[in-house]
Amino acid sequence: VCSMGNSSSRLYSALAKTLSSGAVSQHQDCLEQPDPARLDPIDPKELLEECQLVLQKRPPRFQRSFVTLSKNTASSHRPIRVMQWNILAQALGEGKDNFVQCPMEALKWEERKCLILEEILAYKPDILCLQEVDHYFDTFEPLLSRLGYQCTFFPKPWSPCLDVEHNNGPDGCALFFSRERFQLVSSANIRLRAMQLKTNQVAIAQTLKCKETGRLFCIAVTHLKARTGWERFRSAQGCDLLQNLKSITQGAEIPLIVCGDFNAEPTEEVYREFSNSSLNLNSAYKLLSPDGQSEPPYTTWKIRPSGECRHTLDYIWYSQHALNVNSALGLLTEEQIGPNRLPSFNYPSDHLSLVCDFSFNQDPDRLL
């Protein structure tokens with residue numbers, strides 16, 4: 001257990017318990033939800049202070065600013081903040097990904113998990129979509145459920161994490177939403193297909209009801225196949241996911257937000273499929289560009305033995321006929337990232353978190 005300084009906070013045990021990996025002896029496809037009435041709530045400010053105490057010997061967290069994007073400020077409801085992030089599976093970071101400029105000390109789970117939690121707590125998302133989660137049962141579900149989130153996890157059938165000695169179980173996608181703001185209407189765990197075959201990639205799609213407005217919307221999280229040479233495979237997976245989402249949203253009658261690490265640059269076919277889909281999707285982070293038509297120059301930046309990798313792979317897609325993007329979190333600059341790139345003592349993942357504030361279009365009956 002990592003040192004918590006001289007603190008005697010009641011949250012010490014909550015944070016320290018998440019260091020145990022015993023909770024993942026059984027890898028369930030879908031975790032049974034705890035009874036919210038029986039949860040002992042955690043004060044997010046206190047948890048943040050505990051994380052910062054653990055991280056006191058590390059450099060301070062990077063500062064990023066939100067960019068206002070929507071001129072429509074007449075929304076009748078609080079914005080819905082959505083966070084997308086590939087957090088880097090612990091087993092892969094330590095055992096497979098070979099970040100040659102990142103010291104192993106920077107990847108220690110006892111501290112890296114606090115960096116991840118610090119990032120989440122700093123932006124306070126209403127909905128959190130994560131990929132490469134291999135500490136769901138012993139860290140994210142126990143803590144985030146007590147922070148007021150309803151939690152769902154769907155692991156990869158053949159996770160590469162399981163090939164790593166002393167792994168913590170399979171990695172997968174995880175979806176968390178605020179129980180205070182939303183009610184779950186339906187949930188689907190989707191094992192993606194390509195060429196009619198089931199693949200190792202997955203998605204979660206949930207239809208939620210916004211308690212404030214009564215409006216329904218669908219939120220989905222996915223992580224497509226990685227590596228060069230698998231472009232057609234990713235395209236097939238994207239088509240399968242879109243078909244599933246068309247059914248779930250009743251042909252775009254229900255607004256949709258799709259978060260994911262697509263492992264695909266904007267030049268790939270799967271990106272064009274999402275752009276041209278009948279679901280009328282747009283990529284939220286394009287709106288940060290001067291013309292509103294260009295993706296960011298990078299969402300991941302790392303150095304491996306094969307060389308430096310700087311790519312745009314992560315996206316937040318949304319129904320542009322039904323939703324407005326009020327603001328988006330700016331990306332880290334090259335200067336902030338530094339010459340050794342990511343991950344680092346400053347930042348826990350090789351992917352940047354994406355955060356957007358959405359509001360419903362004021363005309364719910366507006367057609368495509």
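R304 lies opposite G307, a residue of strand β12. The structure described here is a predicted model. Strand β11 covers residues 300-304, and strand β12 covers residues 307-311. The two strands run antiparallel and are joined by five bridges. Together, β11 and β12 make a hairpin, with two residues between them.

Is strand β11 mostly covered or mostly open? Strand β11 is mostly covered, with five of its five residues buried. This burial applies to both faces of β11. On one side stand T300, K302 and R304, and on the other W301 and I303, all of them buried.

## The six-stranded sheet

Six strands form an open sheet in the order β6-β7-β8-β9-β13-β10, and their pairing is mixed. From one strand to the next, the twist averages 20 degrees.

Within this sheet, strand β7 (residues 197-210) pairs with strand β8 (residues 216-223) in the antiparallel sense, over seven bridges. Which residue in β8 is the bridge partner of L208? That partner is F217.

## The helix on the sheet

Helix α6, formed by residues 231-248, packs on the sheet. The strands touched by helix α6 are β6, β7, β8, β9 (256-261) and β10. The direction of helix α6 makes about 145 degrees with that of β6.

Key. Residues numbered from 1 in each chain as written. Predicted model: local features only at pLDDT ≥ 70, side-chain atom pairs only at ≥ 80, totals over all residues. Heavy atoms only, no water. Pairing = 2+ DSSP bridges. Helix = DSSP H or I, 4+ residues; strand = E, 2+ residues; numbered from the N terminus. Axes fitted to C-alpha atoms, helices over the stretch in contact; angles between N-to-C directions. Contact = heavy atoms within 4.5 Å. Buried < 20%, exposed > 50% of the residue type's maximum accessible area, 1.4 Å probe, protein only.
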